[in-house]
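Hello,

Here is the structure for your files. My notes on it follow below.

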Amino acid sequence: MSHIEPTSVKEACKDENWVKAINEELDRIEKNETWDWVPRPKNKNIIGTKWVFKNKMNENGQVIKSKARLVCKGYAQVEGIDFEETCAPMARLEAIRMFLAFSSHKK
């Protein structure tokens, strides 16, 4: 495993661990049907993508996994033009615990 996190795809492609991480991310995107290919709309912003490379470490500071993520450059979007509303359903662990405690409480 490489301790160095690459800053570009060109750099990452020189290391087989990072190439494996990139391929895993692309496979996950395809499996989850994250994106659909559509014709480019006229007079609309095209949102670019960027690769983010991070090493996951254990408690001793040793690299255990190299992770690559393909992310959208969301800062290029304009609300009302490129998107209407976004929602990422998330639940905090504390809320789940409270819900479980409340639902298991017997009167």
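Which residue forms a salt bridge with arginine 28, and how far apart are the closest N and O atoms? The partner is glutamate 25, with the closest N and O atoms 3.1 Å apart. A salt bridge here is a side-chain nitrogen of Lys or Arg within 4 Å of a carboxyl oxygen of Asp or Glu.

Before the rest, two notes on the source. This is a predicted model, in which local features need pLDDT of at least 70 and side-chain atom pairs count only at pLDDT 80 or more, while totals for chains, interfaces and linings use all residues. Residues are numbered from 1 along each chain as its sequence is written, and side-chain values use heavy atoms, with hydrogens and water left out.

Salt bridges

The whole structure has two salt bridges. Arginine 28 and glutamate 25 are three residues apart in helix H2, so about one helical turn separates them. Helices (H or I, at least four residues) and strands (E, at least two) are DSSP runs, numbered from the N terminus. Glutamate 25 also meets arginine 69 in a salt bridge (2.9 Å, N to O). Because arginine 69 lies in strand E2 and glutamate 25 in helix H2, this pair ties together parts 44 residues apart in sequence. Shared partners join Glu25, Arg28 and Arg69 into one network. Glutamate 25 is buried at 7% relative accessible area, whereas arginine 28 is partly exposed at 34% and arginine 69 is partly exposed at 29%. Buried means under 20% relative accessible area, exposed over 50%, and partly exposed in between (1.4 Å probe, protein chains only).

A search of the whole structure gives two aromatic pairs. Tryptophan 18 and phenylalanine 53 are edge-to-face, at 5.5 Å centre to centre and 80° between the planes. Tryptophan 18 is in helix H2 (residues 16–31) and phenylalanine 53 in strand E1 (residues 49–57), 35 residues apart. Tryptophan 51 and phenylalanine 53 are stacked, with ring centres 6.3 Å apart and planes at 15°. Rings of Phe, Tyr and Trp (its six-membered ring) pair if their centres lie within 6.5 Å; planes under 30 degrees apart count as stacked, over 60 as edge-to-face and the rest as tilted.

The largest nonpolar core has nine residues, including Trp18, Trp51 and Phe53. Such a core is a set of buried Ala, Val, Leu, Ile, Met, Phe, Trp, Tyr and Cys residues joined through side-chain atoms within 4.5 Å. H2 gives the largest share of this core, four residues.

Regards
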